[in-house]
Amino acid sequence: MGKPDTATREYINDSQVFADVFNYYAFGGRKVVEPSKLEELDTSALLTVFGKDGDEDTIQRYRDALKIATLMADDNAAYVIFGIEAQTHIDYGMPIRTFLYDGLQYDSQARKIKTAHMGAGDKYSKDEFVSGLYKSDKILPVVTVVIYFGAKPWDGATKLSDLYECKYRELIDLAPDYNMHLIEPTRMTDEDFEKFSTSMGKVLKFMKNSADKVGMQELMETDDAYKSIDRKAARVLKECANISLDIDSNEEVIDMCKAWSDAQKDSAILATVETLRDLNFVEAEIKEKIMAKYNLAENEAREYMLKKSA
């Protein structure tokens with residue numbers, strides 16, 4: 001697992017952020033899903049498939065984040081299973097992945113119900129015996145949201161039928177479809193970002209602007225909220241936007257405006273060193289020039305020159 005994947009998974013598994021995602025996507029920002037009413041679920045799923053000759057093949061998949069939520073509706077508890085998949089790159093087969101993830105979760109629920117009946121010694125009718133489920137048995141809905149932490153537009157499929165290829169429209173219409181729930185920053189508006197109550201809105205807004213230097217500069221200069229971003233969110237921005245930021249693991253709140261400004265300054269100094277080397281300036285001259293241009297102390301200039309040559 002790469003650093004961007006590690007950073008995004010750690011971030012979305014935070015209960016506050018997790019609840020915030022579904023409050024935004026399903027309820028328009030209303031705080032219906034409570035972080036305290038979320039319970040962790042096993043993110044691994046197994047399915048045994050039997051071949052024509054009786055051979056067994058096991059399918060195993062791991063979810064990025066999976067939790068069961070208790071929601072209150074008219075003073076009654078309602079339960080739903082929520083999953084989040086974090087994407088740092090476009091996956092052109094993503095509808096198939098999420099379709100499989102959700103299917104495995106439904107299969108897991110059915111197996112647990114069947115096991116419970118068997119453990120209790122329950123009697124089946126002939127029809128109920130086929131699946132191991134009673135006619136009255138119910139399963140919980142599973143809702144998976146894909147969050148794309150990328151700066152370019154998602155140009156992949158967003159539903160299963162986008163991947164179908166068949167000359168007969170009648171057959172395509174008969175094939176079941178599956179819609180993927182996607183949060184994509186490039187298609188979000190400022191109003192959308194404001195519907196989040198955690199740093200997720202700021203993270204997505206940052207990613208939307210990260211490919212535009214002018215837009216990023218304006219964002220960092222005008223939005224004071226970025227002066228106090230939680231460390232997990234800052235790590236996501238560093239890894240997904242591929243920005244060289246110094247993040248102190250001991251600090252819980254990061255000033256992204258200063259970190260961005262420092263990163264831009266570092267980039268400019270290192271580019272200057274590279275240009276001067278290409279022009280065959282000697283090291284002593286390069287050091288003097290960047291000290292004068294960027295108001296650096298001698299030891300700071302030396303560090304920049306070592307960074308570039310490392």
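Strands are DSSP runs of E with at least two residues, helices are DSSP runs of H or I with at least four residues, and both are numbered from the N terminus; two strands pair if DSSP finds at least two bridges between them. This is a predicted model, in which local features need pLDDT of at least 70, side-chain atom pairs count only at pLDDT 80 or more, and totals for chains, interfaces and linings use all residues. Residues are numbered from 1 along each chain as its sequence is written, and side-chain values use heavy atoms, with hydrogens and water left out.

**View 1. The open sheet.** Five strands, in the order β1-β4-β5-β6-β7, form an open sheet with mixed pairing. Because β1 (38–40) and β7 (181–183) stand at the edges with a single partner strand each, one side of each is left without a neighbour in the sheet.

**View 2. Strand β6 and its partners.** Strand β5 (residues 76–87) runs parallel to strand β6 (residues 142–148) and is joined to it by seven bridges; among the bridge partners in β6 are T144 for G83 and V142 for I81. Three bridges join β6 to β7, again in parallel, and V145 has H181 in β7 as its bridge partner. Six of the seven residues of β6 are buried, so the strand is largely enclosed by the rest of the structure; buried means under 20% relative accessible area, and exposed means over 50%, with partly exposed in between (1.4 Å probe, protein chains only).

**View 3. Leucine 174 in helix α5.** L174 lies in helix α5 (residues 169–174) and is exposed, with a relative accessible area of 70%.
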